[in-house]
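Grab a pencil and open the viewer.

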Amino acid sequence: MSILYLKRGKPVEERSQDDSKVQTIVEGILKDIETRGDEAVRELSEKFDKYSPASFRLNAGEIEALMNQVSPSDMEDIRFAQAQVRNFAKAQRASMQDIEVETLPGVILGHRHIPVQSVGCYIPGGKFPMVASAHMSVVTASVAGVPRIAAATPAFGGAPNPAVIAAMHLGGAHEIYVLGGVQAVGALALGTETIEPVHMLVGPGNAFVAEAKRQLFGRVGIDLFAGPTETMVIADSTVDAELCATDLLGQAEHGYNSPAVLITNSRKLAEETIAEIDRLLTILPTAETAAKSWEDYGEVIVCNTYEEMLDVANDIASEHVQVMTDRDDWFLENMHSYGALFLGPRTNVANGDKVIGTNHTLPTRKAGRYTGGLWVGKYLKTHSYQKVLTDEAAAMIGEYCSRLCILEGFIGHAEQANMRVRRYGGRNIPYGGSA
């Protein structure tokens with residue numbers, strides 16, 4: 001394999017944040033919330049968000065007043081985006097069927113998809129109000145049939161962001177809290193005097209929110225462990241540098257540590273893309289963030305063959321993978337480790353982030369090797385059941401079960417089977433014996 005790096009990002013060991021420091025801070029915050037409840041949550045909100053209302057939960061009148069601040073055109077756009085997310089989620093849900101089969105005469109096996117009973121959806125704030133994140137978590141939970149959806153988002157500039165609140169409400173949230181950071185996910189997972197705990201947490205967030213979800217996992221379910229956003233462009237000479245550079249910087253503006261990678265088999269395209277990125281950074285309004293991200297985490301990798309490009313892409317397992325080549329469907333068939341694919345020059349990652357209908361909460365940091373992103377199925381638990389309907393089936397299965405239990409030394413297990421063999425099969429098996 002002959003691969004040339006025209007630009008490298010920071011080594012992996014330098015990319016990691018001070019995980020131990022974050023872990024310690026989050027441990028203390030969660031312990032404080034568990035011990036002092038609402039009092040701790042209010043102190044944290046005052047400290048980090050400068051926000052301390054009478055109640056963090058918005059009532060119906062407050063929600064309506066905030067929604068009235070959203071312009072009709074913005075409201076129309078929110079409704080359009082949610083319709084796309086909802087329609088795709090409904091199609092996904094329809095693909096998940098309950099089953100019941102008779103595997104042997106008189107033996108019925110089946111499974112049912114049952115919604116998680118309560119979900120906490122976190123919609124981050126940070127530098128930008130993340131309106132689209134409400135679509136991705138709240139709408140999909142609603143389509144899944146979750147009976148209690150509690151959504152939380154931080155104050156933005158000292159007050160609730162009207163567009164985010166509108167998206168949460170229209171998406172189907174039953175409870176809306178203006179609460180951010182670790183205090184939000186901690187309160188939702190642990191519960192306080194005024195917030196009932198949930199069974200599952202979903203949604204992106206900063207390093208502290210991600211660490212809080214990691215520490216709370218097990219006590220509650222989570223969607224996935226999410227790090228800084230990542231983007232990759234796989235391109236050949238069928239596209240130009242302006243397209244590649246624009247799409248790379250479009251994600252680099254997310255934060256100072258957002259990897260953006262170009263993989264190509266055209267050195268000419270690689271060099272022109274680097275030059276075009278330099279040009280665009282002189283006019284991009286968010287260049288301060290994007291430039292730092294590109295400087296520290298941007299990479300340009302030149303391969304000889306499409307097979308090499310595929311291998312490198314699967315190894316990196318980027319969150320967003322944009323494919324613009326003369327064989328996009330070949331990459332679709334052969335890519336196995338990624339968050340989401342965006343195929344063809346007419347497609348872009350911003351579509352997936354904001355409006356097209358697929359979910360933008362996706363695996364990062366190589367997690368695409370073992371999990372996909374948030375979708376309606378994440379809110380559904382698949383539970384199996386069994387029924388033995390006839391005496392003959394009970395006796396026959398019981399005999400096999402009895403012998404296999406004795407093989408493992410589980411006498412009590414064997415007696416459960418022996419009891420059925422005696423009652424329904426008419427065989428006199430000694431207590432603790434093998435059928």
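**Exercise 1.** In which helix is D38 found? Then work out what surrounds this residue.

*Solution.* Keep in mind that you're looking at a predicted model.
- Step 1: D38 sits in helix α3, which covers residues 38-49.
- Step 2: Look for a charged partner. D38 is buried but has no salt bridge, and R42, the nearest side chain of opposite charge, is 7.3 Å away. A salt bridge would need the charged atoms within 4 Å.
- Step 3: The side chains of D38 and T192 are joined by a polar contact of 2.5 Å.
- Step 4: List the touching residues. Leaving out residues up to four places away in sequence, D38 touches T192, E193 and T194.

**Exercise 2.** Check the length of helix α16, then find what its buried residues pack against.

*Solution.* 
- Step 1: α16 has 18 residues (391-408), so at 1.5 Å a residue it should span 26 Å.
- Step 2: Its end C-alpha atoms are 26 Å apart, which agrees.
- Step 3: Pick out the buried residues of α16: A393, A394, A395, G398, S402 and C405.
- Step 4: These pack against β3 (107-115), β14 (380-388) and α17 (411-425).
- Step 5: See what follows α16: G409, with a positive phi near 85 degrees.

**Exercise 3.** Which residues have the most contacts inside the largest nonpolar core?

*Solution.* 
- Step 1: This core has 71 residues, and the ones to name are I123, L201 and Y379.
- Step 2: Helix α6 (residues 131-144) gives the most to this core, with eight residues.
- Step 3: Apart from this core lies another, of 22 residues, including A245 and L249.

Methods. Residues are numbered from 1 along each chain as its sequence is written. This is a predicted model: local features need pLDDT of at least 70, side-chain atom pairs count only at pLDDT 80 or more; totals for chains, interfaces and linings use all residues. Side-chain values use heavy atoms; hydrogens and water are left out. Helices (H or I, at least four residues) and strands (E, at least two) are DSSP runs, numbered from the N terminus. The expected span of a helix is 1.5 Å times one less than its number of residues. Buried means under 20% relative accessible area, exposed over 50%, partly exposed in between (1.4 Å probe, protein chains only). Contact means heavy atoms within 4.5 Å. Lys and Arg count as positive and Asp and Glu as negative; His and the chain ends are not counted. A polar contact is a pair of N or O atoms within 3.5 Å; within protein, one must be able to donate a hydrogen and the other to accept it, and residues adjacent in sequence count only if both atoms are side-chain atoms. A nonpolar core is a set of buried Ala, Val, Leu, Ile, Met, Phe, Trp, Tyr and Cys residues joined through side-chain atoms within 4.5 Å.
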